[in-house]
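Thanks for coming, everyone. Please bring the structure up on your screens. I will keep this short.

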Amino acid sequence: MLKIENLHVRVGEREILKGLSLELEPGRVHAIMGPNGAGKSTLGNVLAGREGYDITAGSVSFDGQDLLALEPEERAAAGVFLAFQYPVEIPGVNNTYFLRAALNAQRKARGESELDSMQFLKRVREKLAQLKFSDTLLQRGVNEGFSGGEKKRNEIFQLAVLEPALAILDETDSGLDIDALRLVADGVNTLRDAGRSFLVITHYQRLLEYIRPDVVHVLADGRIVETGGPELAEQLEEHGYAWIRERRVPDA
Ligand code: ADP
Ligand code: MG
Ligand code: MG
């Protein structure tokens, strides 16, 4: 589904990703953990197609397509959801209107018919019910004045409505309290599906206590240095990132 091979990425003179390889399986929740500054957000940003990153080597294929050759909108149409594309505030633009436009742009790019307002409203109601969300954020401006938790709720709601095959969430360490982490975790758990993969990027082991990923990868110094099951997150919590750096397996 997603295959990253030997990815090298520079910002300016500095190499940040140094030969990163990673493969995601369909229908699985993969977590990426790693110390601060390891390159986790850089990886998310590169997959999102954000500017300012120099890809000097390597490849990323998604469902057989060259992801790096696609524009951000084309990536979305191909079924990739990138949470950080949306937390921007767009004051005065109605949240529901924005989401319908995003969904219909994707459908159009795939050659599917656009949803009219009745069909869209039906989907919105289904997703609100599935997630047990209220409709209070829908008529506000996109992320306008949203709290950290409200932004997270909106992000999960966008994910639910857009129904991507691959959802990439960068849960940056700053400003997320335990309620917001739980909200993200509950959302991911509710939206887990055989036809959908998640790439959850986090510094926090705590998030993974609620999500229980199928696969855990450790990113350190620009590469994936360890891959394992959920127990890997627990080992990291216990031993810290130092034992990964030392490439030492702890005693059982
Ligand atoms: P993480 O998300 O794992 O904490 P980042 O991907 O944000 O790590 O950053 C990796 C390293 O690259 C850090 O040392 C950071 O300072 C550096 N870096 C990231 N983006 C930029 C940038 N735009 N300009 C310069 N350095 C950057
Ligand atoms: Mg960081
Ligand atoms: Mg980060």
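First, the ground rules. This is a predicted model: local features need pLDDT of at least 70, side-chain atom pairs count only at pLDDT 80 or more, and totals for chains, interfaces and linings use all residues. Residues are numbered from 1 along each chain as its sequence is written, while chains are lettered from A and ligands numbered from 1 in the order in which they are written.

Helices (H or I, at least four residues) and strands (E, at least two) are DSSP runs, numbered from the N terminus. Two strands pair if DSSP finds at least two bridges between them.

Which order do the four strands take? The order is 2-1-4-5, in an open sheet with antiparallel pairing. Strand 2 and strand 5 (65–66) are the edges, each pairing on one side only. Helix 1 packs on this sheet and touches strand 1, strand 2 and strand 4. Contact here means C-beta atoms, placed from the backbone, within 7 Å. The direction of helix 1 makes about 70° with that of strand 2. For such angles, axes are lines fitted to C-alpha atoms, for helices over the stretch in contact, and the angles run from 0 to 180 degrees between N-to-C directions.

Now the pairs inside it. Strand 1 (residues 2–11) and strand 4 (residues 54–62) run antiparallel, joined by seven bridges. There, V9 stands opposite I55. Strand 1 also pairs with strand 2 (residues 14–24), again antiparallel, over eight bridges. In that pair, H8 faces K18. The hairpin of strand 1 and strand 2 has two residues between the strands, and G12 takes a positive phi near 60° in it.

How many strands does the open sheet with mixed pairing have? It has six, in the order 6-9-10-3-11-12. Its edges are strand 6 (80–82) and strand 12 (223–228), each pairing on one side only. From one strand to the next, the twist averages 20°. Strand 9 (residues 166–171) and strand 10 (residues 197–202) run parallel, with six bridges between them. Look for L166 opposite S197. Helix 8 (residues 231–239) packs on this sheet. Helix 8 touches strand 3 (29–33), strand 11 (215–220) and strand 12, and its direction makes about 45° with that of strand 11.

Next, the ligand. Which residues surround ligand 1? They are V11, I16, G34, N36, G37, A38, G39, K40, S41, T42 and G52. Near, for this shell, means a C-beta atom, placed from the backbone, within 6 Å. Helix 1 (residues 40–48) gives the most, with three residues. By class, the shell has three nonpolar, seven polar and one charged residues. Ala, Val, Leu, Ile, Met, Phe, Trp, Tyr, Cys and Pro count as nonpolar, Asp, Glu, Lys and Arg as charged, and the others, Gly among them, as polar.

Stay with one shell residue, G39. G39 lies in the loop between strand 3 and helix 1. Is G39 buried or exposed? G39 counts as buried because it has 24 C-beta neighbours inside 10 Å. The cut-offs: buried is 20 or more other C-beta atoms within 10 Å of its own, exposed is 12 or fewer, and partly exposed is in between, with C-beta atoms placed from the backbone. Leaving aside neighbours within four places in sequence, G39 is in contact with I16, L17, L219 and G222. G39 and G222 are 183 residues apart along the chain, yet their C-alpha atoms are separated by 5.5 Å.

Now helix 4. S117 sits in helix 4 (residues 117–131). S117 is exposed, because it has 10 C-beta neighbours inside 10 Å. The 15 residues of helix 4 should span 21 Å at 1.5 Å a residue, and the end C-alpha atoms are 21 Å apart, so the two agree. That expected span is 1.5 Å times one less than the number of residues.

Last, backbone angles. Most residues other than glycine have a negative phi. K132, which follows helix 4, has a positive phi of about 60° although it is not a glycine. K132 is exposed, because it has 8 C-beta neighbours inside 10 Å. D63 has a positive phi of about 50° and is not a glycine either. D63 lies in the loop between strand 4 and strand 5. With 14 C-beta neighbours inside 10 Å, D63 counts as partly exposed.

Definitions and conventions. Contact = placed C-beta atoms within 7 Å.
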